[in-house]
Structure formats: structure tokens, C-alpha cells
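I am keeping a notebook on one structure. Each entry says what I looked up and what I found.

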Amino acid sequence: MQKIAALMRQKAQELLSSGQVQQVAAWRKGQLAYDNAPAVFTSPEACADLVYDEFCPANLSKYLLAATKKKLKTAVFLKPCDTYGVNQLLKDNRVQREYVYAIGTPCQGMLDIKKIRAHGLKGITRITVSEGVVQVETVYGTQNLPQRDVLLDKCLQCKGNAYMIADTEIGEKLATPEPRGDAFAAVKRIEALPPEERFKFWQQELSKCIRCNACRDICPACSCEQCIFDNPAAPVAGKAFADPVEENMFHLIRAYHVAGRCVGCGECARVCPQGVKLGLLNLKFMKDINTFYGPYQAGSDATTPAPQVTFTQGDVEPSAAGQKGRS
Amino acid sequence: MQKIGVFVCWCGSNIATTVDVAQVVAAVKTIPNVAFAADYKYMCSEGGQELIHKAVQDYQLDRIVVCSCSPRMHEATFRNCAEQVGINPYLVEIANIREQCSWIIKDRAQATAKAIQLAKAAIAKVRFNTPLTPGESKVVKRALVIGGGIAGIQAALDIAEAGYKVDIVERQPAIGGRMAQLDKTFPTLDCSACILTPKMMDAANHPNIKLYTYSEVEAVSGFVGNFEVKIRQKARSVDAKRCTGCGICTEKCPSRKTSSEFELGLKTRGAIYIPFSQALPKVPVIDREHCLKFQTGKCGICSKVCPAECIDYTQQDEIITEHYGAIVAATGFDLLPLDKFGEYGYQDSPDVITSLEFERLTNATGPTEGHLVCPSTGKEPKSVIIVSCVGSRDTSGRGKTYCSKICCMYNAKQAMYIREKYPQIDVTVFYIDVRTPGKAFDEFYRRAVEEFNVHYIKGQVGKVLKDARGGLTVFASDLLSDKHLMLHADMVILATAVKPAAGARKLATMLTASMDNDDFFTEAHPKLRPVESPTAGIFLAGMCQGPKDIPETVSQAGAAAVKVVGLLAKDKLRTNPCVAHCQENICSGCLACEKVCPYGAITAETKTVINLAGVKEQRTVAVVNQTLCQGCGACTVACPAAAMDLKGFSNQEILAEVDALC
Amino acid sequence: MVDKVQEQVEALRRLAHTPLQDCIQCGRCSAGCPVAFKMDLLPHRVVWELAQGNLETLLKATAPWQCVSCFACQNRCPRGVSPAAVMEALRLTAIRQQGANKYDAAQLEHFDPELPQQALVAVFRKFNK
Amino acid sequence: MLGEKVTVADKTAAPAPFEPKIVAFCCNWCSYAGADGAGTARKQYPANVKIIRVPCSCRVNPLFILRAFQRGADGVILCGCHPGDCHYMTGNYYTRRRLTLLMSMLNFMGVATERLRVEWVSASEGARFAEIMTSFVEQITALGANVKLRDLRCKK
Amino acid sequence: MLYNYYPGCTLSTKAKALDQAARACAAKLGFPLVELPEWQCCGAVYPLAPDAIAERLGAARALISARDKGGVLVTLCSACHHVLKRVNDDLARDEEIRNKVNAYLEVKEPYQGETKVLHFLEVLRDQVGFAKLAQLVTHPLTGRKIGAYYGCMLLRPSKVLAFDDPENPQLLENFLQALGATPVRYGMRNECCTGYMAVTNPGLCKQMVGEILRSARDEEAQALITACPLCRYNLVANAAPEQKVPVYYFTELLAQALGLQTEAAPVQAGGEG
């Protein structure tokens with residue numbers, strides 16, 4: 001990974017110094033060994049701080065929104081899964097292709113510090129990964145963990161190492177984690193529950209929400225100029241009305257709104273401070289779309305129209321969907 | 001502060017009997033912003049409208065809610081009324097307390113409570129209403145008539161005579177339709193061809209009329225004033241411009257086994273044929289399915305014998321795209337197939353025929369040159385039985401629920417015709433009711449009985465059997481003498497139910513015109529707008545709208561033509577202002593709206609907008625063409641940001657109604 | 001008395017269980033009935049009389065004992081009415097009274113031994129309680 | 001509305017029979033005209049049904065439906081033209097997809113999907129309109145008051 | 001699939017020919033019939049009155065028994081088929097009848113008309129297929145002009161029986177064609193033979209049979225086939241001497257064509273036509 005990071009720095013510096021791009025979106029070292037943060041670099045010199053390791057989960061595609069607004073040609077480092085987000089933003093016309101320089105960046109799965117800590121590890125100073133083993137150095141000594149045990153949840157549903165969009169690629173592609181069985185297994189487990197239990201489950205989940213809006217801010221499909229939740233004229237009552245609708249139905253509406261545009265990056269669930277399993281709602285829509293209207297993956301390109309803006313004459317009836325969903 | 005006036009109509013006793021209008025008035029008076037409320041016997045009357053005018057002036061009202069009948073009935077009336085007194089017509093809302101309330105609820109308390117709630121919803125909505133101004137759209141001064149039967153011909157002639165261009169699209173190779181197949185017409189017994197042929201000639205020769213025969217409408221887009229229609233002109237394999245109609249090709253064609261559509265299978269025709277002798281245009285067509293040249297590559301005789309050298313085996317279907325301001329649907333009728341009515345023996349005996357087949361058997365140009373003979377023997381029948389209501393007035397699912405309307409009269413006509421020309425033939429008509437409303441109609445039917453001795457028996461036929469002697473045994477009932485009958489007949493004529501022509505449903509879908517469950521086009525109002533479809537710019541003539549005879553069809557065609565002319569006479573149309581509009585500062589430019597718009601009314605434009613932060617920026621936004629937009633609202637829901645909204649049915653307006661009702 | 005008649009008419013209508021008011025008196029039932037020529041009250045009349053509530057006419061009729069329940073009338077009715085069901089209601093009303101059986105089992109011995117069982121079962125169902 | 005208060009039931013009075021609140025979104029070209037037809041033919045159906053007129057079923061944002069439920073509707077029914085017969089050619093096809101997804105999601109969340117119905121009713125089907133409304137009201141009455149959808153909130 | 005079989009009273013006695021040929025053919029054609037272990041008479045006529053519950057129980061028991069054994073019930077006799085299909089329809093559609101029957105029979109799992117009642121001919125048409133049947137015929141009935149006599153109970157009321165077009169049936173003609181015979185269409189083939197009037201009004205019966213045979217002979221039928229023992233009885237026993245034609249059960253000819261039986265023994269003595 002260090003080799004890749006070095007190549008990335010080199011590429012960033014080249015691009016900036018040649019004037020090919022005006023800024024580079026990447027990651028900057030944090031204060032700890034595992035808290036890298038997204039960052040925008042505007043000079044070759046600043047790129048010294050550019051890092052890349054297993055703690056760069058953030059999907060940088062959404063930074064391109066601001067880049068387009070500012071009309072700044074921006075190089076962006078994209079892990080394979082992040083490329084879906086860029087395509088979706090291009091499809092939604094939120095990002096202009098001319099301002100994007102997409103750099104495919106290899107990934108072998110990002111790590112979840114919470115899972116590492118759950119092994120009782122404290123005082124972590126350095127974490128490295130090789131050959132499926134995560135070596136955690138702490139002030140108390142070193143411990144090895146199997147990589148699969150401490151991958152981020154979203155990496156367990158990895159879509160593979162192919163880039164959906166890339167102007168150039170950094171280094172060789174790495175082997176991404178094997179996806180864990182059926183992507184919709186979790187959805188199916190809920191579907192199999194009796195209605196009362198399903199309701200209870202969601203009531204519990206949604207009760208945790210503190211409405212911090214992190215989920216919507218991170219989402220590459222949530223890119224409206226103004227969110228309907230902030231618009232009093234929208235069909236959901238805005239905050240100004242203090243109407244219970246917004247609060248009660250927030251998650252349902254959010255998921256409905258990104259259905260067909262959600263690329264399944266899993267960032268919403270990752271950034272949720274309350275650990276609400278809101279990715280499940282998105283997955284449910286993805287599953288339904290696949291079942292009812294044929295396989296569809298948002299972000300695999302920037303042109304295929306979303307299922308909600310197309311139709312066939314023989315589409316399933318809503319009444320049947322109420323039944324089918326039960327299976 | 002808004003000042004809303006609420007006007008509650010009694011509709012005579014229609015509303016007031018079940019809805020306590022005084023209570024409605026009292027209830028709405030307590031609602032904030034309601035500055036005036038009153039009830040009146042007939043709000044739509046002059047007195048009612050005066051009441052509204054006066055209240056507006058006396059109380060400075062700026063919005064109006066009328067609690068009355070369906071807005072589909074009088075919304076326009078009250079909008080005009082408001083406009084006269086200076087209120088924008090779109091600041092008027094109707095609460096439908098008649099169709100949705102007093103007429104469907106018997107309990108007075110319940111009806112009153114519902115009326116109050118409907119009034120509240122309308123008041124809630126009207127608060128958010130904004131003044132709207134209709135736009136304008138141009139009118140293409142050309143009409144399309146779909147169907148070249150008597151309805152289509154008459155409509156086209158009337159439109160053309162008024163000075164407008166009109167095209168007729170006819171599926172068959174010639175115009176004329178069903179009327180061309182008839183022998184005589186009631187109630188005058190004049191020859192159908194004698195009165196139709198001149199009209200066909202007029203249509204074919206009129207400088208304003210263009211015929212597209214052997215053609216079908218393939219696609220329709222656009223809207224009133226400017227429809228774009230794609231017409232498929234099927235390949236005739238004959239160059240119509242050079243053909244002289246000499247008919248040598250049709251005589252020499254060696255393939256003669258195809259049953260003639262025009263003769264209803266009572267005769268065969270060649271693979272190259274002219275459907276009937278007076279056909280217009282008199283240009284043959286090659287039925288490629290039965291043509292040896294097309295099927296085997298050998299033959300080509302027609303090409304060799306054609307003196308004008310106009311046979312063209314390479315001809316292709318042609319797609320013509322044309323624009324029209326108005327469209328008349330005149331697609332006519334078919335007969336109900338009789339396969340589910342085996343008891344009448346239609347499948348088993350050639351001497352059991354439909355009334356339409358009978359027309360061909362008595363027609364001088366028909367398969368028997370007008371000699372009435374039994375198809376099985378070629379001999380004149382001695383007795384004929386006519387069965388009415390075959391497949392009509394049938395709610396069992398086997399037939400059609402409606403009365404086919406024309407049968408009683410043509411039964412009398414056919415019976416009379418037989419008795420007049422062949423007095424030795426005995427004719428019996430079995431009937432359920434004889435329905436003869438119409439000028440000189442009952443007299444006509446009575447003549448059949450009184451002058452021509454046609455036996456009319458109230459009763460029906462239950463079974464028709466072929467018997468060994470080559471005749472038919474008919475089991476029937478005579479209800480007036482309470483007898484079961486077993487009769488012998490040589491010919492049985494089935495007065496078969498009519499149904500809209502095949503393909504009418506497909507056409508209606510293209511026209512976005514509505515249809516009833518029997519596939520008849522529905523009219524905008526059954527009494528007051530009988531020749532208009534609810535879809536603006538689509539007019540109806542003839543059987544496609546419901547069973548009717550020739551005089552009615554001709555009158556309807558004329559009426560439709562007047563409506564068309566009235567439309568084409570305008571240079572511009574006021575467009576519906578209830579259209580979509582995009583709030584550009586929050587439009588993200590995702591263009592989901594554009595993808596769902598059926599009219600192509602939404603386009604992407606790069607514009608300078610002031611964003612929410614107050615900063616000017618250039619970006620792609622959706623822009624609605626207010627003339628193209630028809631106001632369905634599909635885009636408003638596709639828009640994730642609610643930047644797209646629909647005037648007159650805005651998010652806020654609908655939500656206000658939801659909130660008021662819940 | 002009137003009430004009693006009305007009651008019986010209602011009972012008959014319940015047993016018949018067919019939409020009498022839908023009948024348009026076309027006569028197709030009577031026309032196609034294979035045994036109509038033997039009936040004193042034709043199927044269309046049976047429907048009409050019950051719709052009118054003419055109990056006496058109905059109870060006098062022998063037509064129900066000619067009807068063979070072949071359902072030609074019902075199947076050809078353009079209005080979904082079943083004259084056969086009215087016939088059955090009339091039969092049942094008669095035989096459900098005590099001692100009103102219409103077929104004497106003693107006659108059986110005169111019959112052809114080849115007669116299928118189903119015919120005998122049917123006769124006892126249709127003619128006897 | 002703002003400041004709406006929950007009225008405490010008068011315990012001395014006999015409990016009023018449950019009268020469900022039903023909102024019907026009706027397309028102007030088909031089912032709204034169908035409702036007019038039902039009225040003209042004097043076909044009775046329960047007063048519980050309140051109709052909101054929309055130009056096309058595709059104008060109905062699923063969020064309107066959620067809003068209705070949240071405001072206390074016990075049932076919501078959306079009526080459009082039969083597929084293929086849309087006055088605007090394609091509107092009801094989009095409606096069908098939108099509502100299919102919504103229906104499936106409500107079901108996923110354990111909410112009774114019987115409370116939401118989508119029916120295609122043409123302008124000539126007045127009698128059918130009345131039948132559908134009657135059966136829907138019966139169904140919702142049997143289900144009882146809508147508690148779940150009103151209370152599907154973040155805070156338990 | 002398990003083909004439960006309901007023979008009915010007549011097929012166990014007077015109409016053994018119909019039954020035995022059917023069993024042999026079904027086995028040969030790959031749908032062996034398995035007789036329900038216990039069954040009672042269906043009642044021969046369908047109880048039209050909605051309050052006739054007891055009269056429906058015999059049929060209901062058979063239907064429930066079949067439901068518990070795979071859900072298919074095959075019948076041969078037109079009367080049994082008629083009664084079973086209609087009672088089944090009642091149990092599927094009429095709540096009151098359903099509740100009463102279930103309560104009376106004390107069924108563990110309430111019966112709601114789940115059983116699929118099939119006539120032997122429907123199995124031939126829909127599951128074996130006449131094209132396939134034609135291939136399996138080893139002794140085709142070539143040259144024989146045979147009329148199909150449907151009678152009433154197979155066809156009507158068509159909404160419930162859904163057997164074939166009641167006014168223009170073709171199933172038996174197609175069947176005859178598959179056997180290599182020349183089917184004869186005649187007008188009276190779907191008219192009633194007057195059924196049990198054979199007992200109470202033989203005169204009427206003779207008259208009607210006369211009409212039927214005249215119609216068939218007019219179209220030059222040399223023999224008739226039927227599925228109903230009572231029809232066959234009437235067409236034979238109540239035929240005028242000069243009108244007589246051989247009448248077979250359709251299964252007899254099927255067995256013959258499949259080579260299971262060298263010659264069908266018509267009830268009527270004498271050769272064809």
C-alpha cells in the first residue's frame with residue numbers, strides 16, 4: 001500500500017505542477033494511525049501529506065460536486081467501488097465530465113477500526129496488512145488479526161476490482177475481498193420475519209436516529225441543490241413546519257428518493273454515528289428493482305436510465321408487489 | 001390577508017335534499033379567511049352568478065370556492081363567472097358535493113358532514129392557488145379523418161367544403177366502408193350504392209381531400225391544434241398514379257381461391273383485386289399472402305398483361321408523417337363473431353347467414369347478382385326466418401350487453417325486400433321487442449307487417465338444425481300464444497350484434513382517447529358533447545362511438561365536422577395553464593423529468609441561475625415548454641428535489657387537501 | 001293470508017336463487033327446451049310468474065315434472081337467469097311436504113333391469129323426498 | 001394543523017363505531033369521471049371516501065400517500081386509467097412502478113399493505129368505482145385504525 | 001401426479017365396460033387411475049337449491065379425500081363429473097354452503113374447493129394431448145363414421161363445467177379424429193336425451209331419442225359414442241327399431257384403438273351402417 005501511496009503522491013504532484021488539474025481530491029494523514037481524512041490538495045508541495053492505506057474508506061466522488069461548481073478541473077482518486085458514485089453523479093448531471101480526472105486506485109478492502117478495537121486492542125500505533133493478515137502494533141505489543149474479521153461491512157459486499165470510470169490507473173489492480181455470499185441475504189432475513197417482527201425491528205432501528213443527516217451528506221446519490229427536507233414547498237413538510245411527517249418518515253423517504261440511483265456503496269451506513277442499519281432499506285429497493293424490472297446496477301455507467309423513469313407494458317402490479325415482497 | 005367566498009349550491013333538490021346546505025354554510029364561516037359564505041338554489045344560474053358577483057364586490061373577495069356539482073360539469077362556468085368580476089379564474093375551486101356526496105349517500109347527517117369536509121379541502125387548496133394565465137398554441141389548419149366509411153366521408157366532405165384540408169386514412173384498399181356492402185337502406189328502401197357512390201366520388205375528387213387508402217395510422221403524438229401522425233401506406237404493389245383501373249390484371253390473375261373480404265366470404269377473388277366494382281380509388285391491390293409471384297416467385301402474369309405497366313412487385317410500405325389540428329375517429333363496426341352461438345347452426349349450415357351477408361346476397365353486384373338463393377343449393381328459399389338480438393342485450397358474457405339499435409329496422413327492411421321481390425317466400429321475424437324510434441321508423445316496420453304480411457312472432461329461436469331434406473329445422477317459442485314451435489325454414493338470417501371495428505382499441509390508445517368496456521369511444525359528455533372525445537382535438541363520428549344507423553351517423557359526422565371547423569378556424573388556442581414549471585434555483589439538472597415526459601416538453605438548458613446561496617452560477621437546468629406540456633405531472637414526481645411542480649395541482653395545494661381531509 | 005302467499009313466494013325465490021328481475025322475456029329458454037312441447041307452463045313463464053309472485057299458477061303447473069334439468073335454458077339465457085333452478089325450487093317445494101312424493105317405488109319392479117343406477121338415484125332425488 | 005390537540009375520549013359516551021378515513025387520489029380522466037358516473041347512477045358507497053382530484057395518477061407523489069397516512073388516514077387508494085389507456089399515454093406506467101416499489105417497501109417495514117390500494121378504473125366504470133370503494137372501506141374497517149403508519153417514527 | 005379416480009355407482013355395476021376400458025387405457029397412456037378408497041354415490045343429479053346441504057355431502061367427501069391425496073380427481077360418468085364439479089364450485093364460491101358442509105363433516109382443514117375435478121376426456125385433451133394420442137393409436141378406426149353424443153351434463157352450465165364450448169363442442173370429435181375415425185358433426189349432439197325420464201316418462205324419452213338419432217343418421221353417422229351410461233341406455237333402449245345404431249362408450253373405442261381390446265362390443269347387436 002505504501003508503494004501505491006507513493007505513486008499517488010507522484011501522480012498528484014505531476015498533475016498539479018503540469019497544470020493538468022487545479023486540485024486533487026485524496027486523503028490526508030490524521031492524528032492517529034487510523035483516522036485519515038479526505039482532503040483536497042491544490043499545490044504539488046502540499047501533496048507530501050497525501051496518504052493511502054486501509055483507512056481511506058471515504059468515497060471522494062461527492063467532492064466533485066464542489067469542483068464542478070467552482071469549475072476546477074479536479075483529479076480524484078477512486079477505489080473501484082467509488083467509481084460507481086462518479087458515474088451516478090455524471091448521470092445526474094451533477095458533475096461535468098470536463099472537470100473530472102478520474103484515477104483508478106487499487107484497493108484490497110478497507111478496515112473497520114471498531115472491529116479491531118473490539119478485539120480488545122488499545123493504544124494502537126500502526127496497522128499494516130499483508131497476505132490477508134492485519135498486523136496491529138500497539139504500545140503494549142503487536143497482534144495479528146485475520147483481515148476478513150476486521151473489514152468494513154461494506155467491503156464484505158465488494159463489487160470487485162474493476163473501475164467503472166478511470167482516466168488513468170495507479171499501479172496494478174489488487175485482489176479485492178471476496179464478496180460474502182448473497183448480497184441480499186440480510187434483506188431476505190428481514191423479509192422472512194412475520195410482519196409484526198419486521199415492524200418492531202424497524203421501529204427499533206429508526207428510533208436510534210438523531211437526524212444528523214450524515215447519511216444524506218455522504219451519499220453520492222443525494223446530490224440535490226436543495227434537499228426536499230429543507231424545502232417547505234416540497235411534498236414533505238419542511239423543518240419550518242415542525243411536522244412529524246419529516247421525522248417519522250425520514251428514512252423511508254430518503255431510501256425511496258435514492259432508489260434507482262443508490263450505487264450500494266454502503267457509505268450511509270458506515271458514517272451513521274448511531275449504527276442504524278439504513279443500508280438495508282437501500283438494498284431492499286435494489287433487490288426489488290432487480291426482481292421486478294430486471295438486473296440494474298446504478299453507477300455502472302453514466303447513461304442507462306433509472307428503472308423509475310422507464311417502464312414496460314407488462315410490469316408487475318403494485319398489489320402483486322405487496323405480496324411478493326413477503327417471500 | 002386572503003378573503004375567500006364560499007358558495008354552496010342546492011342544485012335544486014339534488015344536493016339540498018341530502019345535504020344540509022345551511023349547516024355547510026355555517027361550518028365554513030368559522031374557517032379563517034372565509035369572508036363570506038352563502039347558499040343558493042342554483043349557483044350556476046344567472047341569479048347564482050349574480051350572487052357571486054355581488055359578494056365579491058361587497059366583501060372584496062379574492063378567492064372563490066363553489067360547493068356544487070362535479071368540476072367536470074361547471075368548473076368552466078364558475079371560472080368565467082369569477083373572471084367577469086376580476087378574479088383570476090384559477091383562484092376558483094370546486095367542492096364536488098353532488099356526485100361525490102348527495103348522490104351517493106342517503107344519510108343526511110353523513111352527507112352533510114362529508115360536504116363540509118370536501119368544502120374544507122377546497123378552501124385549504126384555494127389558499128395556495130395562484131393566478132394563472134393560459135398560454136397560446138398554434139393550430140395546424142388540416143384535419144385527419146380515420147376511417148373512410150360514410151361517417152368519415154361525410155365528415156371529410158363537410159370539413160373540406162368549409163375550406164380546410166382534410167386527409168382520410170382508410171385501412172381497406174377502397175373507401176366506402178360498411179355502407180358500400182349494403183343493398184338497400186331504411187326507411188326509404190333506396191339503394192345504398194346509389195346514394196353512397198356520389199359521396200365517394202366527391203371525396204375522391206375534392207381538392208381539399210386527400211385519400212390514404214390501404215393505410216393505417218401508426219403513431220400519434222402532439223396535442224389539440226398540432227397532432228403529429230404517422231401513417232403507414234401499405235404497399236399496393238400497383239403504381240396508383242399510372243393505373244387506369246381497367247381491371248385486366250384482376251381478370252387474368254390465376255390465383256382465385258381467396259375468399260373476398262368485401263363479399264364476406266360468399267365469393268372468391270384473385271390475389272390482385274379491386275374489392276368491389278364501384279371502388280374508389282379504382283386501383284387494384286396485390287394480396288401478397290395469396291399471390292403466386294410473392295409466394296413462389298413464379299407467375300407475374302398481372303405485370304405482363306397490364307397495359308399501363310404499373311405493377312410493381314418491389315413497392316414498399318411507406319410511412320407518411322403529417323401534422324393535423326384535429327382528428328375525427330370514424331372507424332366503424334364489425335359484427336360479433338358467432339363462434340360462441342353454436343345453437344344457431346351458423347357454423348354447420350351455409351343457409352344460416354348474418355344480416356350483412358344477406359345484404360350481399362340481395363345486392364345486384366353481389367355473389368348471386370342479386371338473386372336470393374340458399375347458398376347450399378343455389379335455389380330460392382321458400383321460407384326465411386329472421387332472428388333478432390343475436391348476441392345483443394346479452395349480459396351472460398357470451399354477447400354484448402347493449403342493444404345494437406339498427407337490427408329491428410333492417411330486419412323489417414330485409415323482410416319487406418324479400419316479400420316484395422319474392423312474394424311466394426314466407427318470412428317470419430322472431431323478436432324480443434321491436435324498437436323503432438325514429439322518423440317514419442315505426443310506420444316502416446308496420447308496413448312490413450300490414451302490407452307485406454311478414455310474420456312477426458314475439459319469441460326467440462333456441463336451436464337451428466340441419467335436416468335431411470337439406471332444409472333447416474328451427475326450434476322457437478311464441479310467447480304471446482305460449483307455444484313451443486318447431487318450424488321448417490330454408491334460410492335463417494341472424495341479426496347479429498355490432499361491435500366496434502377491430503383495432504379501435506389500439507387507435508384509442510394512440511389518440512389517448514378513452515373507451516368504454518365495449519371498446520366504443522366515449523364522448524366528452526353523453527348529452528351535451530356527444531361528438532367530442534374527452535381528449536381535446538379528437539372528435540367522433542359513426543359506429544365507433546356507439547350503435548347507430550346511417551342518418552344518425554351522417555348527422556354525427558356533420559356535427560363532428562363543425563366542431564373540427566370551429567377548431568381549425570382559430571389561429572391560436574388558449575392552452576391549459578395548469579402546466580409544469582421548474583424552480584430553476586433548486587433544479588439539480590438531473591433530468592429525470594425529461595425522461596418521463598411523454599410530450600418532449602422538457603429540455604435541458606444551460607442557464608445562469610442564482611443559487612440558494614444567492615450566488616449567480618451557470619448550470620444545466622430543466623426547462624418546461626409551456627405549450628407542449630399537457631400537465632400530467634409525471635415530472636413532478638420524478639424530480640427528487642421537488643423543483644418541478646405543477647401549476648393548479650402543486651405539491652402545496654394537494655398537501656393542503658390531504659391535510660384537510662385527514 | 002296475503003302474507004302467507006308472499007312468504008311462500010319469497011321462500012320459492014330463495015330456493016330458486018336466480019336473478020328473476022334480469023329476465024327480459026325473450027323466450028330463448030322455451031325455444032330451446034327439449035321438453036317444452038310437453039309443458040303446461042313454459043320455462044319463460046315459470047320465471048315470469050315467480051317474478052310476479054303468482055303462486056297459484058306456479059303450484060298448479062306440471063311443467064317442473066317434465067323438466068329434466070339439462071340446463072339448456074340456463075346456458076342459452078342471455079341474462080344469466082336459470083329457469084331450471086326455478087323448476088327445481090317448485091319441485092322441492094312440492095316434495096318437501098309430507099307425503100308428497102311423486103314417484104312410487106313400487107313401480108320400480110316393472111322396469112328394465114338394464115336401467116342404469118344413476119337413473120333411479122336421479123328419480124328419487126328429483127321426485128321424492 | 002398546528003396546535004391540533006388530541007381530544008380525550010368522553011368515557012361516559014358509548015364508543016363511536018370506527019369510521020375509517022379514506023383518501024382516494026383519482027385521475028381526472030378516468031376514475032374521477034368514474035366517480036361522477038357512480039354519482040350520476042346513484043350508486044351508493046360509504047361517505048368515508050374523500051376524493052382528491054389529480055390530472056393523472058402519475059401526479060401522485062408517493063410522499064403524498066405517506067403524508068396522508070401520517071396525518072391519520074386509515075387507508076389510501078390511488079385510481080388511474082387502465083394500463084395502456086392513460087390520457088397522457090404513459091403516466092400510469094410510471095405510477096405502477098412507483099407504487100410497486102412503495103408497496104413492497106411498506107411491506108418490508110411490516111406495515112399492512114392492505115391499507116394502500118392501487119386500482120385502474122375507467123371513466124365508464126362508475127358501478128365498479130362504487131364497488132371498489134365499498135370493498136376498500138370494508139377492508140379498512142376490518143383492519144381497524146391505522147396505528148402503525150402514524151407511529152412509524154424515529155422515536156419509540 | 002396422482003390421478004385419484006371416482007367411478008361412481010353406475011360404473012361399478014351396469015357400466016363396467018366404460019370403467020374397465022378406461023382403467024386399462026389410462027394405465028397405457030401413463031396416467032393410471034387410483035380409485036378413491038372410500039366413496040359414496042354423488043347423488044346423480046346436482047342439488048340446485050342452495051339449502052340442499054345433505055345432498056352435497058357425498059360429493060364433498062370425495063372432493064376432500066382427493067384434496068388430501070394430491071388434489072386431482074378424475075371422473076368418467078357425465079353425471080358424476082357434473083355433480084362433483086358443481087359441488088366443488090359451490091364449495092369454492094359459496095361461503096354459506098362451504099361453512100355448512102365443513103361444519104357437518106367436521107373437516108380438520110376446512111375444504112374450499114381446492115381439488116381439481118377432471119373428466120377423463122379433459123385429461124386426454126390437456127395432459128396427454130390428442131396429437132400424442134394419435135401417435136399411440138395402433139389400431140386406427142380408419143373409415144368409421146362415428147358421431148359423438150355429448151348430451152347435457154358434460155357441457156352445461158358451461159361457466160362451471162368449463163369443459164368445452166357448450167353450443168359448438170369439439171372435444172369428442174377431436175378425440176375421434178385422434179383414433180383415426182371420421183367424426184360426424186350433427187346438430188343434436190349437445191341436446192339432452194331426457195335422462196331419468198326413462199323411468200318416469202319413457203314416451204318423452206323415446207321422442208327425444210328419436211330426434212337425436214335422426215339428426216345423427218341424417219349426417220350419416222354409423223355409430224355413436226358417449227361418456228354417460230344413462231345416455232347410452234336411452235340411445236339404445238329407447239330407440240325406434242328402424243333408427244338403431246351401435247352406441248359405444250368412448251373408452252371402449254379408445255381401448256380398441258390402443259390395441260387393448262380387439263373389438264368393442266356394442267350394446268346394440270349388428271354391425272355398423
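The entries below go from conventions to chains, then to a sheet, a helix and single residues.

**Conventions**

I noted that this is a predicted model, in which local features need pLDDT of at least 70, side-chain atom pairs count only at pLDDT 80 or more, and totals for chains, interfaces and linings use all residues. Residues are numbered from 1 along each chain as its sequence is written, and chains are lettered from A and ligands numbered from 1 in the order in which they are written.

**Chains in contact**

I asked which chains share the most contacts. Of the 6 pairs of chains in contact, chains B and D share the most. Two residues are in contact if their C-beta atoms, placed from the backbone, lie within 7 Å. Here 41 residues of chain B meet 44 residues of chain D.

I then looked at the side of chain B that touches chain D. Helices α5 (98–102), α6 (108–128), α18 (634–638) and α19 (651–661) of chain B each supply at least two residues to this side. Helices (H or I, at least four residues) and strands (E, at least two) are DSSP runs, numbered from the N terminus. The largest share, 6 residues, comes from α19(B). By class, I found 19 nonpolar, 14 polar and 8 charged residues on the side of chain B that touches chain D. Ala, Val, Leu, Ile, Met, Phe, Trp, Tyr, Cys and Pro count as nonpolar, Asp, Glu, Lys and Arg as charged, and the others, Gly among them, as polar.

Next I looked up chains C and B, where 20 residues of chain C are in contact with 19 residues of chain B. On the side of chain C that touches chain B, α2 (28–32) and α3 (43–52) of chain C are the elements that give two or more residues. The most, 4 residues, come from α2(C). This side of chain C has 9 nonpolar, 6 polar and 5 charged residues.

Chain D and chain E do not touch either, with their nearest C-alpha atoms 17 Å apart.

**A sheet in chain B**

I traced an open sheet of 5 strands in chain B, in the order β10-β7-β6-β18-β29, with parallel pairing. Two strands pair if DSSP finds at least two bridges between them. Why is one side of β10(B) and of β29(B) left without a neighbour in the sheet? Strands β10 (209–212) and β29 (538–540) of chain B stand at the edges and each has a single partner strand, so one side of each has no neighbour there. Direction ignored, neighbouring strands of this sheet are turned by 20° against each other on average.

Strand β18 (residues 326–329) of chain B pairs with β29(B) in the parallel sense over 3 bridges. A329(B) has L540(B) as its bridge partner in β29(B). Helix α7 (residues 150–161) of chain B packs on the sheet and touches β6 (142–146), β7 (165–169), β10 and β18 of chain B. The direction of α7(B) makes about 165° with that of β7(B). Axes are lines fitted to C-alpha atoms, for helices over the stretch in contact, and angles run from 0 to 180 degrees between N-to-C directions.

**A strand in chain D**

I checked strand β4 (residues 116–120) of chain D: 5 of its 5 residues are buried, so it is largely enclosed by the rest of the structure. A residue is buried if 20 or more other C-beta atoms lie within 10 Å of its own, exposed if 12 or fewer, and partly exposed in between, with C-beta atoms placed from the backbone. In a regular strand the side chains alternate between the two faces of the sheet. L116(D), V118(D) and W120(D) point one way from β4(D), and R117(D) and E119(D) point the other way. Strand β3 (residues 75–80) of chain D runs parallel to β4(D), joined by 5 bridges. In β4(D), W120(D) is the bridge partner of G80(D).

**Chain E**

I looked up helix α3 (residues 78–93) of chain E, where 13 of 16 residues are buried. At 1.5 Å a residue, α3(E) should span 22 Å, and its end C-alpha atoms are 22 Å apart, which agrees. The expected span is 1.5 Å times one less than the number of residues.
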